[in-house]
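Please have the sequence and the 3D view open.

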Amino acid sequence: MNGTLTEEEFKKQCEALVSLSDKIKDGWELRQDRGDIFIVKNVKLPVTFREETRNTVSETDSSQIESDDELSQDEIGLEDSDPCTITPSHHLITFEYHVVYSCSYSVPVLYFNAWHSTGKLLTVEEIWRIAPPCSDKYSYITQVDHPILARPFYELHPCRTEQLMGLIEQAGGEGTTKTSAGTGRYLVSWLSSLGRDVGLNVDIRYAISDVS
């Protein structure tokens with residue numbers, strides 16, 4: 001249970017996930033380019049940008065500051081509200097997500113782009129202000145060329161995916177992820193674990209529906 005996928009397993013996972021997505025109208029689409037298969041989803045979300053804190057906080061003041069666990073979703077960035085309900089402090093952002101297979105890591109990789117309502121792409125600094133704070137943000141989310149389309153996309157680096165999915169397999173059993181390649185469970189578990197960092201929420205119906 002090493003948390004990886006073969007390219008053939010990845011293709012079956014994609015086909016199974018898109019099949020269920022069609023049933024629940026979740027918007028995932030299967031794409032193919034010169035033999036390479038990947039899946040794509042577009043969604044509009046209301047977003048608030050977290051303010052960066054640059055001032056050093058003294059020990060006497062630190063007790064007055066909320067911990068990350070106590071921050072509300074409004075303070076963190078991404079919202080679960082109806083995207084049609086936008087307050088003046090919210091920005092309606094269009095996200096385009098791509099799930100692509102990495103031959104180097106033998107795992108799926110999440111690529112995405114995001115636009116303001118004006119059509120302007122979000123900068124990497126704005127992306128960091130949406131995602132939860134982390135100490136290694138410079139390596140976690142980076143802008144790279146899409147491996148298939150050869151256009152700039154943001155990438156969630158796959159270096160920890162094998163370890164993450166190995167732990168999920170150990171906790172839930174292989175049947176919930178890799179070995180059931182035709183069920184899409186690996187991709188559902190993986191997207192559930194990291195997609196929320198960049199606004200991609202996984203519908204609960206994936207967990208209770210039969211994808212096959």
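## The enclosed cavity

The lining of the largest cavity is made up of seven nonpolar, one polar and three charged residues. Here Ala, Val, Leu, Ile, Met, Phe, Trp, Tyr, Cys and Pro count as nonpolar, Asp, Glu, Lys and Arg as charged, and the others, Gly among them, as polar. Among the lining residues are Asp 26, Trp 28, Lys 41, Asn 201 and Tyr 206. The space inside is about 50 Å³, and the structure holds one cavity of 30 Å³ or more.

This is a predicted model, in which local features need pLDDT of at least 70 and side-chain atom pairs count only at pLDDT 80 or more, while totals for chains, interfaces and linings use all residues. Residues are numbered from 1 along each chain as its sequence is written, and side-chain values use heavy atoms, with hydrogens and water left out.

On a 1 Å grid over the protein atoms alone, a cavity is a set of points where a 1.4 Å probe fits but cannot get out; a pocket is an open set with protein on both sides within 12 Å along at least five of seven lines, and lining residues have an atom within 4 Å of a point. Points are joined across faces, edges and corners, and a volume is the space filled by probe spheres set on them.

## The second largest pocket

The second largest pocket has a volume of about 370 Å³. Of its 20 lining residues, Tyr 140, His 157, Arg 160, Leu 194 and Asp 197 lie nearest the centre. The lining divides into 13 nonpolar, four polar and three charged residues.

## Aromatic pairs

Four aromatic pairs turn up in the whole structure; rings of Phe, Tyr and Trp (its six-membered ring) pair if their centres lie within 6.5 Å, and planes under 30 degrees apart count as stacked, over 60 as edge-to-face and the rest as tilted. Phe 10 and Tyr 101 have ring centres 5.4 Å apart and planes at 35°, so this pair is tilted. Both residues are buried (under 20% relative accessible area; exposed is over 50%, partly exposed in between, with a 1.4 Å probe and protein chains only).

Phe 95 and Tyr 97 make a stacked pair, 5.7 Å centre to centre with 0° between the planes. Phe 95, Tyr 97, Phe 112 and Tyr 154 form one aromatic cluster.

## Cysteines

Which cysteine is buried at 0% relative accessibility? That is Cys 14, whereas Cys 159 is partly exposed at 47%. The structure holds zero disulfides (pairs of cysteine sulfur atoms within 2.5 Å).
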